[in-house]
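Good morning, and thank you for making time for this presentation. Please have the sequence and the structure in view as I speak.

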Amino acid sequence: MKELCPAEALHEECGVFGIYDSTGKTNMVSAVYSALYALQHRGQESCGIAINVDGVITGHRDLGLVNEVFTPQVMDGLPKGGKMAVGHVRYATTGAGERENAQPLTIKYVKGTLAVVHNGIIENYGRLKESLMKKGYTFESDTDTEVLVKLIDSCYTGDPLAAIMAALAKVRGSYAIGVLFKDFPDEVFAVRKESPLIVGYGEGENFLASDIPALLKYTREYSILDEGDIAVLHRDGISFYNEFGQSVKK
């Protein structure tokens with residue numbers, strides 16, 4: 001399988017967004033739609049939204065611009081309610097321009113469902129994919145992101161933070177990711193390495209985003225994640241951890 005070199009990694013350009021609303025009053029679909037529209041300059045090939053409503057993760061993804069994929073009919077058909085969601089606009093780096101390669105990528109594991117949005121490039125995804133296939137994993141796309149999703153799943157034993165850290169310890173490359181775990185319907189996880197990622201502070205709402213324009217509708221207060229930082233959006237605000245899992249303050 002082809003391994004990507006650092007020069008190829010320079011061409012990555014996708015956009016990610018995530019939101020946690022402690023009040024439950026925000027329309028998740030509309031909020032993510034607006035953010036993805038603001039991030040459209042980071043990817044015009046495909047887009048998608050995943051929503052966690054009471055531990056059930058569903059959503060929609062397809063090829064096209066945000067307003068083409070999320071028509072009024074599609075918007076009306078997506079789940080109402082929920083406190084957390086992630087979204088993605090894609091510019092292809094690995095994987096052709098097919099619907100199967102659009103994000104968020106959602107997989108079912110033994111105890112529930114996992115959804116991931118990813119901007120960046122996993123340079124050693126070929127070797128990781130071969131290792132996961134030997135463990136019984138199958139793949140529906142040819143993206144490095146699906147490898148990342150299933151790598152996290154392979155490390156998951158009930159502790160999402162530990163699973164993310166264990167998976168990323170095996171990864172060589174760049175990433176800005178947002179993760180939803182079915183088992184944890186009150187937390188959104190975000191990690192950054194060599195790809196832009198910020199978190200925003202709102203009133204009863206907190207956000208993650210690739211770029212400031214996605215936050216401007218909601219807040220002007222934000223923090224830039226340092227290399228290896230992990231942020232967890234939850235009902236009490238945002239918690240930060242370094243790459244070793246130690247709590248840090250921003």
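In which loop is E194 found? E194 is found in the loop between β8 and β9 (198-201). Helices here are DSSP runs of H or I with at least four residues, strands are DSSP runs of E with at least two, and both are numbered from the N terminus. E194 has a positive phi of about 65 degrees, although it is not a glycine.

Before I continue, a word on the source. This is a predicted model, in which local features need pLDDT of at least 70 and side-chain atom pairs count only at pLDDT 80 or more, while totals for chains, interfaces and linings use all residues. Residues are numbered from 1 along each chain as its sequence is written, and side-chain values use heavy atoms, with hydrogens and water left out.

As background, most residues other than glycine have a negative phi. D54 counts as exposed because its relative accessible area is 73%; exposed means over 50%, buried under 20%, and partly exposed in between, with a 1.4 Å probe and protein chains only.

Let me turn to the chain as a whole. The protein chain contains seven helices and 14 strands. Of its 250 residues, 55% count as buried. A contact means heavy atoms within 4.5 Å. Among contacts between residues at least 6 apart in sequence, 64% join residues at least 24 apart.

I come now to the interior. A nonpolar core is a set of buried Ala, Val, Leu, Ile, Met, Phe, Trp, Tyr and Cys residues joined through side-chain atoms within 4.5 Å. The largest such core has 29 residues, and those with the most contacts inside it are I152, I164, L168, V171, V179 and F181. At least two residues each come from β6 (112-122), α5 (125-134), α6 (144-155), α7 (160-168), β7 (173-181), β8 (187-193) and β12 (230-234). The element that gives the most is α6, with six residues.

V179 illustrates the surroundings. Leaving aside neighbours within four places in sequence, V179 is in contact with L114, A115, V116, I164, E187, V188 and F189. One of these, L114, lies in strand β6 and is buried, with a relative accessible area of 0%. L114 and K182 are 68 residues apart in sequence, yet their C-alpha atoms are 6.1 Å apart in space.

How do the helices α6 and α7 pack? Their angle is about 125 degrees, with the axes 8 Å apart. Axes are lines fitted to C-alpha atoms, for helices over the stretch in contact, and angles run from 0 to 180 degrees between N-to-C directions. That angle makes α6 oblique to α7; angles under 35 degrees count as roughly parallel, over 145 as roughly antiparallel, 65 to 115 as roughly perpendicular, and the rest as oblique. On the α6 side, the contact is made by L148, L151, I152 and C155, and on the α7 side by A163, I164, A166, A167 and L168. By class, this contact has nine nonpolar, no polar and no charged residues. Here Ala, Val, Leu, Ile, Met, Phe, Trp, Tyr, Cys and Pro count as nonpolar, Asp, Glu, Lys and Arg as charged, and the others, Gly among them, as polar.

For α5 and α6, the angle is about 50 degrees and the axes are 10 Å apart; these two helices are therefore also oblique to each other. Y125, L128, K129 and L132 in α5 meet D144, V147, K150, L151 and S154 in α6. By class, that contact has five nonpolar, one polar and three charged residues.

A35 lies in helix α2 (residues 28-38) and counts as buried because its relative accessibility is 0%. Not counting residues up to four places away in sequence, A35 touches F17 and A214. A35 and P213 are 178 residues apart in sequence and 7.7 Å apart in space, C-alpha to C-alpha.

Under the sequence limit of up to four places, S30 touches M75 and Y218.
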